[in-house]
Amino acid sequence: MLHLSAEQRRALLLPARAFYLHGLTYYHKGQIDEAKAEMLLARQVLEGQTDGDKLLANVLNSLGNIEYYREHPAAAIGYYQSS
C-alpha cells in the first residue's frame, strides 16, 4: 500500500475501506460511538466516488446496525433503506 500513489489509493477506495474496517473493529469491540464515527467518514469518502457502490451499501448497513443497537429504529430503517 505504501508504494501506491495517492491517485491509485483513491481508485482502489483504500481510505474508505480503511475507515470501514476500523468501524467494524470498533463495533465488534463494543465501541459504538467510535464505530459510528469511522462509518460516517467512510460514507463521506464514498459519496464522492463513482465506484464503490457495494462498499457504500455495507457502510450504510453497518450504520443501520449501529442505530438499531442504540435503539433508534427510525434512523436504522433509513440507513437500511439507503443501503
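**The nonpolar patch and its surroundings**

Tyr68, Ile77 and Tyr80 make up a nonpolar surface patch whose accessible area together is about 330 Å². Such a patch takes residues with over 30% relative accessible area and no salt bridge, and joins nonpolar side chains (Val, Leu, Ile, Met, Phe, Trp, Tyr) within 5 Å, like charges within 9 Å. A salt bridge is a side-chain nitrogen of Lys or Arg within 4 Å of a carboxyl oxygen of Asp or Glu. Areas follow the Shrake-Rupley method with a 1.4 Å probe, and for residues only the protein chains shown count as cover.

The model is predicted: local features need pLDDT of at least 70, side-chain atom pairs count only at pLDDT 80 or more, and totals for chains, interfaces and linings use all residues. Residues are numbered from 1 along each chain as its sequence is written, and side-chain values use heavy atoms, leaving out hydrogens and water.

Tyr80 belongs to helix H5, residues 73-82; helices (H or I, at least four residues) and strands (E, at least two) are DSSP runs numbered from the N terminus. Tyr80 is partly exposed because its relative accessibility is 31%, where buried means under 20%, exposed over 50% and partly exposed in between.

Glu71 sits in the loop between helix H4 (53-69) and H5. With 67% relative accessibility, Glu71 counts as exposed. Its phi is near 65°, a positive value in a residue other than glycine. Most residues other than glycine have a negative phi.

The protein as a whole has five helices and zero strands. Of its 83 residues, 27% are buried.

Notes:
Buried < 20%, exposed > 50% of the residue type's maximum accessible area, 1.4 Å probe, protein only.
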